[in-house]
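Hello,

Here is the structure I promised to pass on. Have a look at it, and my notes follow below.

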Amino acid sequence: FGIRELNQEAEQYSWWSYRPGIRARNIGWRLDYCLTSDGLKFTQPEIHDQVTGSDHCPVSVQVDATL
């Protein structure tokens, strides 16, 4: 699934080109897919766009352990 299924914020991206000023202007793509097993449920999707140092930023979800 894609994090965008749980988090609809259109202005939040997880990848930016290395071209100058692209990240500062927030022109990016949402490369935020997680591969999972069937039946697992997730909560709290986050794109950690404040983490710098790469053209990608971390994305995370929490697994709902109440199966």
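A nonpolar core here is a set of buried Ala, Val, Leu, Ile, Met, Phe, Trp, Tyr and Cys residues joined through side-chain atoms within 4.5 Å. Buried means under 20% relative accessible area, exposed over 50%, and partly exposed in between (1.4 Å probe, protein chains only). The largest such core has five residues: Tyr13, Trp16, Ile22, Ile47 and Cys57.

Before going on, please note that this is a predicted model, in which local features need pLDDT of at least 70 and side-chain atom pairs count only at pLDDT 80 or more, while totals for chains, interfaces and linings use all residues. Residues are numbered from 1 along each chain as its sequence is written, and side-chain values use heavy atoms, leaving out hydrogens and water.

Back to Trp16: leaving aside residues up to four places away in sequence, its contacts (heavy atoms within 4.5 Å) include Ile22, Arg23, Asp49 and Cys57. Arg23 lies over the face of Trp16, 3.8 Å from the ring centre; for this, CZ of Arg or NZ of Lys must be within 6 Å of the ring centre and within 35 degrees of the ring normal.

Another arginine to look at is Arg30, which counts as buried because its relative accessibility is 11%. A polar atom of the Arg30 side chain lies 3.4 Å from the backbone oxygen of Gln12.

Finally, Trp29 has 55% relative accessibility, so Trp29 counts as exposed.

Best wishes

Methods. A polar contact is a pair of N or O atoms within 3.5 Å; within protein, one must be able to donate a hydrogen and the other to accept it, and residues adjacent in sequence count only if both atoms are side-chain atoms.
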